[in-house]
Amino acid sequence: MSKHTIEANPVGPINGSPEQNAYMEELERQLTVDTEKLIDIKNHFITEMIKGLNKPNHTLAMIPSYVEGRLTGEEKGHYLALDLGGTNLRVVLVTLEGQGKFKTISTKARVSDELKSGPMRNLCDYIADCIDTFLTEQNLGNVDEDLALGFTFSFPVLQSKINRGILTTWTKGFNCSGAVGKDPVLLLQDALLRKHVPVKITALVNDTVGTLLSNAYQKPNTLAGLILGTGSNGAYIEKMSNIGKWEKENTTAHEMVINMELGAFDNERTILPLTRFDNKLDRKSINPHSQIFEKLISGMYLGEIVRNVITDMMDRNLLFTQPGQSTEAISAHYQFETSFMSSIEADGSKDLSTVREVLDTNLNLTNVTDVELRIVKRICELVGTRAARLAGAAIASIAIHTKVDRQGADFGIDGSLYEFYPSFESRMYTALAELMPDYADDIRNIIRLGLARDGSGVGAALTACVADRMFKTV
Ligand code: GLC
């Protein structure tokens with residue numbers, strides 16, 4: 001069984017005190033998105049997609065990526081890729097071998113909180129140094145011609161060319177000064193020039209677009225690429241004729257990849273069933289009122305929503321009330337990580353020994369009662385299930401809008417949540433079957449979700465390759 005198909009083990013009845021039971025029933029009511037509500041959300045999502053395709057600067061930005069046409073799987077060559085926007089910064093050397101095959105060599109580096117919120121120039125200098133070190137290690141430091149690099153920059157960028165764009169806002173905890181309103185390619189290229197690193201950035205790509213391309217390299221019927229990880233987003237292939245806001249030069253292409261920036265869906269708060277726990281998270285985040293959908297479905301936030309519920313119960317004397325219980329760790333922001341939820345949901349033991357261990361080891365919560373273990377597990381289930389169902393609604397919207405028929409389509413997905421969170425995929429399928437009842441009998445063969453490995457690395461290389469192809473045909 002691959003990691004992304006590991007199933008959760010639902011907890012049975014809580015059997016707590018009447019107050020605890022009542023709280024949990026009310027919580028379940030608030031965090032459950034039933035079929036009817038999910039259909040409303042899906043309908044609104046499709047309406048918003050169409051608006052975003054037709055008018056600039058809409059909430060659902062629907063950004064043309066300038067990646068035209070489809071891949072054949074026969075693309076070949078050596079490309080450098082740079083991936084910024086996930087957990088780590090990565091430099092990758094990709095060799096495309098044709099027939100959907102590739103090899104990669106890569107290096108990872110951490111981006112410190114200081115770099116994430118300092119001047120953009122410092123971040124670019126750091127990245128240039130990382131690239132320089134990698135090239136030296138790979139004996140690529142002394143080349144006659146600059147090496148072509150595909151830059152996966154996983155933030156909302158309004159593109160104006162395949163290698164140009166303007167950062168509209170930071171997301172996912174980044175907040176460097178001197179970057180919003182500027183072109184990240186020019187900023188990084190400047191650092192590379194200053195440091196004499198022989199690299200030319202030829203493509204700028206969102207991670208979702210990269211994921212779509214890397215999936216398409218192996219599965220030509222790929223319709224969309226999604227990231228369900230620290231952040232969440234999707235890209236899909238749209239007909240040029242549907243992109244009403246496209247005013248640029250004529251293109252002979254009939255299709256273009258659209259970066260949806262779906263994390264911003266419903267920033268207006270008209271349809272999503274937000275609870276006080278979500279509002280609290282939003283208010284205390286570095287980007288209040290934005291990325292509302294992302295905050296309900298992504299790895300960066302799910303643990304914090306769970307923690308908000310737990311602390312609310314603690315305030316009402318419904319959880320961790322034993323004298324001497326140390327509640328310092330659980331009281332601090334972002335101390336309950338989404339990875340804890342994965343371990344907790346997977347725990348199928350009778351005595352919930354993993355749940356106990358997670359609470360003890362990571363949060364110093366000891367002498368936890370069985371009822372409390374069940375409560376914590378149930379909170380994780382509710383928050384995790386809601387996330388997967390909402391993500392499923394986004395996927396259904398893409399499929400319905402693009403009129404997927406019974407032949408079906410491939411959806412490449414990357415990201416820690418999809419890869420490691422138990423039942424995330426099967427919960428998405430349940431939602432998809434509810435939202436596409438005509439296909440419910442064969443949903444897994446029609447909406448073919450699959451893990452797209454290294455969309456950011458291989459996808460950036462493929463985009464650099466598409467950029468070559470486009471430049472050669474003008
Ligand atoms: C955030 C970014 C988006 C990216 C996603 C996944 O939503 O705004 O560009 O694709 O995270 O990394």
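Where is S285 found? In this predicted model, S285 sits in the loop between α7 (276-284) and α8 (292-297).

Close-up 1. Start with the loop that joins α7 (276-284) to α8 (292-297), where S285 is found. S285 counts as buried because its relative accessible area is 11%, and the cut-off for buried is under 20%. The side chain of S285 makes a polar contact of 3.3 Å with the side chain of N287. Another polar contact, of 3.1 Å, links the side chains of S285 and K295.

Close-up 2. Let's zoom in on single atoms. A ligand oxygen lies 3.0 Å from an N or O atom in the side chain of T171. For the side chain of K172, that kind of distance is 2.9 Å, and for the side chain of D207 it is 2.5 Å. Taken alone, the ligand exposes 310 Å², and the protein buries 99% of that.

**Close-up 3. The second largest pocket.** This pocket holds about 560 Å³ of space. It is lined by 26 residues, and N57, A61, I63, L158 and K245 are the closest to its centre. β1 (63-68) and β6 (157-161) each supply at least two of the lining residues. By class, the lining has 10 nonpolar, 12 polar and 4 charged residues.

Terms used: Residues numbered from 1 in each chain as written. Predicted model: local features only at pLDDT ≥ 70, side-chain atom pairs only at ≥ 80, totals over all residues. Heavy atoms only, no water. Helix = DSSP H or I, 4+ residues; strand = E, 2+ residues; numbered from the N terminus. Buried < 20%, exposed > 50% of the residue type's maximum accessible area, 1.4 Å probe, protein only. Polar contact = N/O pair within 3.5 Å; in protein donor to acceptor, adjacent residues only side chain to side chain. 1 Å grid on protein atoms, 1.4 Å probe; cavity = no way out; pocket = protein on both sides within 12 Å on 5 of 7 lines; lining within 4 Å. Points joined across faces, edges and corners; volume = space filled by probe spheres on them. Nonpolar A, V, L, I, M, F, W, Y, C, P; charged D, E, K, R; others polar. Areas by Shrake-Rupley, 256 points an atom, 1.4 Å probe, with all protein chains shown as cover.
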